[in-house]
Amino acid sequence: MSVAVKICIGTYCHLRGAYNVLQLFQHEIEERNLHDKIEISGSFCMGHCENGVSVEVDGKIYSVSPESAREFFEGTILKRL
């Protein structure tokens with residue numbers, strides 16, 4: 001079973017740090033050797049622009065900042081494995 005993670009790369013989320021969030025998630029996946037357990041992809045606007053970087057995990061949308069990305073990865077994404 002794998003966890004599906006989508007990161008919004010639309011204009012607003014890009015300006016809020018989507019690239020940094022994506023980089024951190026990719027780094028954590030690499031470091032923990034989770035390539036076969038976490039499927040990460042980009043998505044254009046998810047319609048939650050007022051809340052920062054939108055990250056969808058298994059169908060639920062969260063707001064993540066570059067500063068909270070590591071905590072989110074550990075507390076939300078890893079818990080779904």
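Glu28, Arg32, Arg70 and Glu74 are linked in a network of salt bridges. A salt bridge here is a side-chain nitrogen of Lys or Arg within 4 Å of a carboxyl oxygen of Asp or Glu, and by this rule the count comes to three.

Before the pairs, the basis. This is a predicted model, where local features need pLDDT of at least 70, side-chain atom pairs count only at pLDDT 80 or more, and totals for chains, interfaces and linings use all residues. Residues are numbered from 1 along each chain as its sequence is written, and side-chain values use heavy atoms, with hydrogens and water left out.

Now the pairs. Glutamate 28 bridges to arginine 70, with the closest N and O atoms 2.2 Å apart. That pair links distant parts of the chain, from helix α2 to helix α3, 42 residues apart. Helices are DSSP runs (H or I, at least four residues) and strands likewise (E, at least two), numbered from the N terminus.

Glutamate 28 also pairs with arginine 32, at 2.8 Å between the closest N and O atoms. Arginine 32 in turn meets glutamate 74 at 3.1 Å, N to O. Arginine 32 lies in the loop between α2 and β2 and glutamate 74 in helix α3, so this pair ties together parts 42 residues apart in sequence.

Buried or partly exposed? Glutamate 28 is buried at 5% relative accessibility, while arginine 70 is partly exposed at 40%. The cut-offs are under 20% relative accessible area for buried, over 50% for exposed, and partly exposed in between (1.4 Å probe, protein chains only).

Last, helix α3, residues 69-77: its buried residues are Ala69, Phe72, Phe73, Thr76 and Ile77.
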